[in-house]
Amino acid sequence: MKSIICFGEVLWDVLPAGKKLGGAPLNVALRAQSLGHNASMISSIGNDGIGVELAEEILAHGGTLAHIQVSDDFATSEVLVELDEHGTASYEIKIPCAWDNIVLVAQDMEAVKNADAMIYGSLVARSDVSSKTLFTLLEQATYKVFDVNLRPPHYTAERIVSLIKVADFVKFNDEELYEICAHLEFNDKSLEACISFMSEQTSTDQICVTLGKDGAVLFTNNTFYYNPGYKVTVADTVGAGDSFLASIICQLLNGMDPQDAINFSCAVGSIVASKNGANPQVSEEEVLSMIETP
């Protein structure tokens, strides 16, 4: 069992069908927990009714509240989610909220220092307080995993690059990779060329790019590994990339072969996309069946 710390937003995704537990790093933590690892979330909720409900829901999903702060000054986060005809999500993220004010706590420093991996996203870096806490914690981390989530207008390209440079592993989707490469004045449309460029420019040895229904590419040890994706009927895409990230980090930490790791992770992400919400149950039998089906 590995120890994983995730840092960033915890919130309610308000979907057309009702509200669901969400926040990319929380989704990652809960999926890692479901895969048998000790995963904790550093975040903040408001001292309000929906914060109490959020805490209860985290516990109901097998999570822990050990590193979740409660703010008297900021409200629990709610995000309005709209789905297009393909189930692809767009988000309206209110500001400020409790996770904009994650303060530095000694027990969090110790937890990060002792963890096998720290996973963080870009959205939480929109505020000065949480951003300062994040960079301080990263100084203590052994293995740093950056999940790029470009949510306009909550980021700058300069801040994204600074977060990439301190990471050991970075996950993009293809559009995010091309956008940040263009910011760095590299406009080649070859996916492999962009990954290699990003690795060289930021000294990041491991880069993974998700491609939606077309699977993903993993670059590690100067080698590319590919999975073409698994065909499913999409319910919604909320949380699919988060479950993919949790899965691939867990498998790589366990020493799994990179090709097997990306196959497993694409299967998990596809199964999540076939179900409603970011944190549906996914059984090992479902994953193995999907991998083995031609």
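Analyst: Happy to! Helix 9 passes helix 10 in a right-handed crossing. This is a predicted model, where local features need pLDDT of at least 70, side-chain atom pairs count only at pLDDT 80 or more, and totals for chains, interfaces and linings use all residues. Residues are numbered from 1 along each chain as its sequence is written, and side-chain values use heavy atoms, leaving out hydrogens and water.

User: What makes helix 9 roughly perpendicular to helix 10?

Analyst: Their axes, lines fitted to C-alpha atoms over the stretch in contact, cross at roughly 110° and come within 9 Å. Angles of 65 to 115 degrees count as roughly perpendicular, so helix 9 is roughly perpendicular to helix 10.

User: How do you know which residues of helix 9 meet helix 10?

Analyst: Contact means heavy atoms within 4.5 Å. In helix 9, Phe-264, Ala-267 and Ile-271 are among the residues that meet helix 10, where the partners include Val-287 and Met-290.

User: Why are strand 2 and strand 3 called paired?

Analyst: Two strands pair if DSSP finds at least two bridges between them. Strand 2 (residues 11–15) and strand 3 (residues 18–22) have five bridges, in the antiparallel sense. Leu-11 stands opposite Gly-22 in strand 3, and the two strands form a hairpin with two residues between them.

User: What makes strand 5 and strand 13 edge strands?

Analyst: Nine strands form an open sheet in the order 5-4-1-8-9-10-11-12-13, with mixed pairing. Strand 5 and strand 13 each have a single partner strand, so one side of each is left without a neighbour in the sheet. The twist averages 15° from one strand to the next.

How values were computed: Axes fitted to C-alpha atoms, helices over the stretch in contact; angles between N-to-C directions. Helix = DSSP H or I, 4+ residues; strand = E, 2+ residues; numbered from the N terminus. Parallel < 35°, antiparallel > 145°, perpendicular 65-115°, else oblique. Left-handed = near helix turned anticlockwise from the far one by under 90°.
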